Amino acid sequence: MLSGMISKPLASRSALLSPPTATWQRMMKEAVRDAGELCRLLELPPEFAAKATRGTKHFPLFVPRPFLARMRHADPADPLLLQVLPLDVETDTAPGFTTDPVADGSASLQPGLLQKYHGRVLMVTTGACAVHCRYCFRRHFPYSQTPRSLTDWQPALAQIEADDSIHEVILSGGDPLTLVDPLLAQLAERLSEIVHLRRIRLHTRLPIVIPQRVTTDLLNWLTGTRLTPIVVVHVNHPAEIDAAVAAALGKLFDAGVPLLNQAVLLRGINDNADALAELCERLIELRVIPYYLHQLDRVAGAAHFEVPVARGKQIVAELQARLPGYAVPRYVQEIVGRAHKVDLT
């Protein structure tokens, strides 16, 4: 039963959490970065620590404690743990899996500025993330080449300003909400000065892994310009949503920010209709639209997460039979060179 899949951790959460008054910045600093510590906190068998340490060879471990506290103890199959636990199979090569599966490199207009689709551009604002998802399609991205200050962003901003077909800017990364609010406020204000822009969109996992990131300062700059704000969060499993996450999402929605969710179909984590149906219904309760269910981007190191497309179609068909249409995400795949994401159903 799904209720068993999302039961509370067996051990006390007190050893995993920062103090209740801790800021989101402190929670970032206190995130677990050592595979041995992760396994010890979750009471996993010692052999997992050795495998996890080998898995960090190409992509380091990073797990904030609020997210860690939602995991079940002594359960190697916990769906949240599997998203962040390094495995030695990540060092294996697999046919068709590459370091740039969605061709970010060929979509670059300026350092940090990408365009794949008409009418919108994406700014890779930072290489920092709130959590290191092992299936991340940008785990090999050359973040050292991206701008680090508003001055550094001037060539990209000039490029946007020169093209009046661009109506939307997507702030991504990494995760843009790992940046401090004063810098983000400056960037949002500068973007609002570009007359043909209409929307600013954030792709972020922070409200999920560290819900304390949704602060008054964040809401003020996000809603404080003429641009329509949209926030796209990333939740793969209903166990990721606790009371603090629900409250953070509520603050965003109540401030007038439309909320969408993107999930990735992941083997052993959410590749069943029960998990995804509960996720979609929970999101709707929280006023978040289940927007996309992504077929895995074939990034090197993540082959063990791939679910066959035929199985994905079967799961979506089950969701369509169980849920209202607005609660069923579009099952899509990014295919290099296509003018939009491709519907797989």
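Q: What counts as a nonpolar core here?
A: A nonpolar core is a set of buried Ala, Val, Leu, Ile, Met, Phe, Trp, Tyr and Cys residues joined through side-chain atoms within 4.5 Å. Buried means under 20% relative accessible area, exposed means over 50%, and partly exposed lies in between, with a 1.4 Å probe and protein chains only.

Q: And what kind of model is this?
A: This is a predicted model, in which local features need pLDDT of at least 70 and side-chain atom pairs count only at pLDDT 80 or more, while totals for chains, interfaces and linings use all residues. Residues are numbered from 1 along each chain as its sequence is written, and side-chain values use heavy atoms, with hydrogens and water left out.

Q: Which residues touch the most other members of the largest nonpolar core?
A: They are Met71, Met123, Ile160 and Leu191, in a core of 98 residues. Helix α12 (residues 273-285) supplies the largest share of this core, six residues. Helices (H or I, at least four residues) and strands (E, at least two) are DSSP runs, numbered from the N terminus.

Q: Which residues are in a second, separate core?
A: That core has seven residues, among them Ala107, Leu114, Tyr143 and Ile170.

Q: Back to leucine 191: what is it in contact with?
A: Apart from neighbours within four places in sequence, leucine 191 is in contact with Met123, Leu157, Ile160, Val169, Leu171, Leu197, Ile200 and Leu227. Contact means heavy atoms within 4.5 Å.

Q: Which residues of α7 and α8 meet?
A: Gln154, Leu157, Ile160 and Glu161 in α7 meet Leu187, Arg190 and Leu191 in α8.

Q: How do the axes of those two helices, α7 and α8, cross?
A: The axes of helix α7 (residues 154-161) and helix α8 (residues 181-192) cross at roughly 30 degrees and come within 11 Å. That makes α7 roughly parallel to α8. Axes are lines fitted to C-alpha atoms, for helices over the stretch in contact, and angles run from 0 to 180 degrees between N-to-C directions. Angles under 35 degrees count as roughly parallel, over 145 as roughly antiparallel, 65 to 115 as roughly perpendicular and the rest as oblique.

Q: Is the crossing of α7 and α8 left-handed or right-handed?
A: The crossing is right-handed. A crossing is right-handed if the near helix is turned clockwise from the far one by less than a right angle, and left-handed if anticlockwise.

Q: Is glutamine 154 buried, exposed or partly exposed?
A: Glutamine 154, in helix α7, is partly exposed, because its relative accessibility is 34%. Its C-alpha lies 10.0 Å from that of arginine 190, 36 residues apart in sequence.

Q: New topic: where is arginine 201?
A: Arginine 201 is in strand β5 (residues 199-203). Its relative accessible area is 14%, so it counts as buried. Not counting residues up to four places away in sequence, arginine 201 touches Arg120, Glu168, Val169, Ile170, Leu171, Ile230 and Val232.

Q: Which side chain does arginine 201 join by a polar contact?
A: The side chain of histidine 203, at 3.2 Å. A polar contact is a pair of N or O atoms within 3.5 Å; within protein, one must be able to donate a hydrogen and the other to accept it, and residues adjacent in sequence count only if both atoms are side-chain atoms.

Q: What about glutamine 83: buried or exposed?
A: Glutamine 83, in helix α6, is buried, because its relative accessibility is 0%. A polar atom of its side chain lies 3.2 Å from the backbone oxygen of proline 79. Beyond its neighbours within four places in sequence, glutamine 83 is in contact with residues including Tyr135, Arg205 and Asn236.

Q: Then where does asparagine 236 lie?
A: Asparagine 236 lies in the loop between β6 (228-234) and α11 (243-254). Its relative accessible area is 0%, so it is buried. Its side chain reaches the backbone nitrogen of valine 264 at 2.8 Å.

Q: What is the peptide bond from glycine 173 to glycine 174, cis or trans?
A: That bond is cis, with omega near 20 degrees. Glycine 174 lies in the loop between β4 (168-172) and α8.

Q: What is phi of alanine 103?
A: Phi of alanine 103 is near 55 degrees, a positive value in a residue other than glycine. Arginine 287 has a positive phi of about 70 degrees, although it is not a glycine.
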